[in-house]
Amino acid sequence: MVQGIPIETIYLYVLIACAGIAVLLVIFGDVFDFDGPIDPMLIIPWLAFTSLFGYLGEQLLDWGHVFLFIVSGSLATILVFFLNFYVLVPMKNAESTISISEKDMEGTQATVITPIPVSGMGEIQLKSVTGSINRPAALYAPQETPIDRGEQVLIIEVKERVCYVVPYKGSLKV
């Protein structure tokens with residue numbers, strides 16, 4: 001007992017409070033940017049797991065309160081580490097767009113929507129499963145004639161958001 005309150009009750013109240021705070025963090029977590037040394041997205045699950053294991057341990061096991069707290073805290077630390085390493089960090093590093101990367105554009109076919117002059121830039125449209133992307137384009141190799149609107153091009157290289165293209169007539173004829 002802690003000041004007349006059973007330890008199981010304290011574990012249960014902490015677990016319920018952490019569950020409520022976790023729901024709020026899931027809803028409003030993107031609004032607040034926690035860049036400090038203490039991240040609530042890790043502290044709240046640690047408290048929740050510790051209180052869960054502590055509550056279950058007090059109900060099922062006859063160990064000492066301090067030893068049970070140390071064991072439940074250790075288990076919670078391991079679970080929160082895996083939660084952070086395999087869930088939270090990959091989610092933070094994930095791109096927030098569904099478009100393709102510039103490296104994936106290389107080697108794909110596109111349609112010219114603004115004519116590409118011999119020594120200048122035009123615009124191409126790249127269609128993919130997620131939609132279409134318009135990008136500025138220039139000729140990869142010197143050409144004698146410009147590429148007109150509606151013609152097909154092949155993206156050879158992408159540098160600084162500019163696609164360098166060559167005319168493309170379709171598949172190779174054997």
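## Predicted model: elements, core and selected residues

At 77% relative accessibility, Glu 160 counts as exposed; the classes used here are buried (under 20% relative accessible area), exposed (over 50%) and partly exposed (in between), computed with a 1.4 Å probe on protein chains only. This is a predicted model, in which local features need pLDDT of at least 70 and side-chain atom pairs count only at pLDDT 80 or more, while totals for chains, interfaces and linings use all residues. Residues are numbered from 1 along each chain as its sequence is written, and side-chain values use heavy atoms, with hydrogens and water left out.

**The loop with Glu 160**

Glu 160 sits in the loop between E4 and E5. Its phi is positive, near 50°, in a residue other than glycine. Arg 161 belongs to the loop between E4 and E5, and its phi is also positive, about 70°, although Arg 161 is not a glycine.

**Overall layout**

The chain has four helices and five strands; these are DSSP runs numbered from the N terminus, with helices (H or I) of at least four residues and strands (E) of at least two. In sequence order the pattern is α-α-α-α-β-β-β-β-β. The chain has 174 residues, and 24% of them count as buried. Among contacts (heavy atoms within 4.5 Å) with a separation of 6 or more, 54% join residues 24 or more positions apart.

**Helical part**

Helix H2 covers residues 40-60. At 1.5 Å a residue, its 21 residues should span 30 Å, and the end C-alpha atoms are 30 Å apart, which agrees; the expected span is 1.5 Å times one less than the number of residues. The buried residues of H2 include Ile 44, Pro 45, Ala 48, Thr 50, Ser 51, Gly 54, Gly 57 and Glu 58. These buried residues pack against helix H1 (7-28) and H3. An α-helix has 3.6 residues a turn, so residues three or four places apart point the same way.

Leu 52 also lies in H2. Leu 52 and Val 14 are 38 residues apart in sequence, and their C-alpha atoms are 8.8 Å apart.

Two residues of H3 can be set side by side. Ser 72 lies in helix H3, residues 65-93, and touches Thr 50, Phe 53 and Gly 54, leaving aside neighbours within four places in sequence. Val 66 is placed in helix H3 as well. Its C-alpha is 10.0 Å from that of Gly 54, a residue twelve positions away in sequence.

An unreviewed UniProt entry lists residues 12-29, 41-57 and 63-89 under "transmembrane region"; such annotations may be inferred rather than shown by experiment, and the positions follow the numbering used here, with feature names shortened. Residues 41-57 are 100% helix and 0% strand, with end C-alpha atoms 24 Å apart. Residues 63-89 are 93% helix and 0% strand, and their end C-alpha atoms lie 35 Å apart.

**Strand part and core**

The largest nonpolar core has 15 residues; a core is a set of buried Ala, Val, Leu, Ile, Met, Phe, Trp, Tyr and Cys residues joined through side-chain atoms within 4.5 Å. The residues with the most contacts inside this core are Met 105, Ile 116, Ile 124, Val 153, Ile 155, Cys 163 and Val 165. Strands E1 (109-114), E2 (121-128), E3 (131-139), E4 (152-159) and E5 (162-167) are the elements that give two or more residues to it.

Beyond its neighbours within four places in sequence, Ile 155 contacts Met 105, Glu 106, Gly 107, Thr 108, Ala 110, Ile 124, Leu 126, Cys 163, Tyr 164 and Val 165. Arg 135 is in strand E3. Not counting residues up to four places away in sequence, Arg 135 touches Glu 102, Met 105, Gly 122, Glu 123, Ile 124, Arg 161 and Cys 163.

**Accessibility and cysteines**

The table lists relative accessibility for selected residues.

| Residue | Relative accessibility | Class |
|---|---|---|
| Cys 163 | 1% | buried |
| Ser 72 | 2% | buried |
| Cys 18 | 4% | buried |
| Arg 135 | 10% | buried |
| Leu 52 | 28% | partly exposed |
| Val 66 | 60% | exposed |

The structure holds zero disulfides, a disulfide being a pair of cysteine sulfur atoms within 2.5 Å.
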